[in-house]
Amino acid sequence: MATYFGGKNHLYQAIINLIPRHERFVEAFAGSAAVSRHLARGAAEAILVERDPEQVKWLRRQRELAGHRIVGGDAFEVLARGVREWGPETVVFADPPYPIADRRDARPRYRCELSDGDHRVLIATLRKLKARVLVCGHPWGMYPDAFASWHRHELRTTLRGGGRPGVECIWTNYVDPFPLHDYHYFGADKRHRQDLRRRVARQVMNFAAMDRNHRAAILAELAAQFPAELPRGQA
Ligand SMILES: C[S@@+](CC[C@H](N)C(=O)[O-])C[C@H]1O[C@@H](n2cnc3c(N)ncnc32)[C@H](O)[C@@H]1O
């Protein structure tokens, strides 16, 4: 598809680097689901919610989303249920349409938009969740005040506002995303990521060349010293 308006194709690496380890991942206003499509490591349960039927059809055709539950419906209903049912094992990523009043250009952009009243309900619901939540918004308008007590991350973007540099905010109801769910894009930028990948590959090569008991001894010691950093179930 052509670039989806408000899609996170230019920011998914930075967003994935804010997502802590989880068992359930919920992308509440899925759109083109840039974040879910790029998560290299799956979750036991992954749910995408999108209200626009055309977009739902598109999501159901994406190979990278096989195994995801794609709910064609209202994120408000799913999130209200989540308030009762989910705890910190669940991560909710919410990238709702921006409030119309907060947009530089007030033309509707989606077949499904939210009113200011909807945004107030959404904000209240997100604040009630016991899940870990990431919510996207402009650094101006309704959201900065609503999430003033949350942790704010500023992501630089060059694609918004007709190519001018801009800032997109993500508020999280947790401070330290540790351990991350997926280290595939770890690093501040492309160069840093390449450098890290090379270093990891070199270490893995060293390990691969070892006698297997030598390797097992090191792995056992690493597991004993750094249990929180091991993927779940392997400590
Ligand atoms: C900013 S876009 C999401 C972009 C997405 N993060 C991506 O990477 O493409 C917001 C999406 O929310 C959808 N939407 C609007 N109201 C909704 C609702 N009540 N429930 C579920 N989805 C809704 C819109 O159709 C639109 O696709």
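A residue counts as buried if 20 or more other C-beta atoms lie within 10 Å of its own, with C-beta atoms placed from the backbone. Keep that cut-off in mind for the first view; the model shown throughout is a predicted one.

View 1. Helix α2 covers residues 34-38, and Val35 belongs to it. Around Val35 there are 26 other C-beta atoms within 10 Å, so this residue is buried. Leaving aside residues up to four places away in sequence, Val35 touches Lys8, Tyr12, Ile15, Ile16, Glu27 and Phe93. For a sense of scale, look across to Ala80, which is 45 residues from Val35 along the chain: the two C-alpha atoms are separated by 22 Å.

View 2. Which residues come nearest to the ligand? They are Gly6, Gly7, Phe29, Gly31 and Ser32. Two elements, β2 (45-50) and α4 (75-85), each give two or more residues to this shell. Sorted by class, the shell has 12 nonpolar residues, along with five polar and six charged ones.

**View 3. Strands β5 and β7 pair antiparallel.** As a reminder, strands of a sheet pair through backbone hydrogen bonds, either parallel or antiparallel. Here β5 (residues 132-137) and β7 (residues 166-172) run antiparallel and are joined by four bridges.

**View 4. The whole protein, for orientation.** Stepping back, you can pick out nine helices and seven strands. The C-alpha trace spans about 65 × 40 × 40 Å along its principal axes. A compact globule of 235 residues would have a radius of gyration near 18 Å, and the 19 Å of the protein agrees with this. Buried residues make up 27% of the 235 residues. Among contacts with a separation of 6 or more, 60% are between residues 24 or more positions apart.

Notes. Residues are numbered from 1 along each chain as its sequence is written. This is a predicted model: local features need pLDDT of at least 70, side-chain atom pairs count only at pLDDT 80 or more; totals for chains, interfaces and linings use all residues. A residue is near a molecule or strand if its C-beta atom, placed from the backbone, lies within 6 Å of it. Ala, Val, Leu, Ile, Met, Phe, Trp, Tyr, Cys and Pro count as nonpolar, Asp, Glu, Lys and Arg as charged, and the others, Gly among them, as polar. Two strands pair if DSSP finds at least two bridges between them. The radius of gyration is taken over C-alpha atoms; the globule rule is 2.2 Å times the number of residues to the power 0.38. A residue is buried if 20 or more other C-beta atoms lie within 10 Å of its own, exposed if 12 or fewer, and partly exposed in between; C-beta atoms are placed from the backbone. Two residues are in contact if their C-beta atoms, placed from the backbone, lie within 7 Å.
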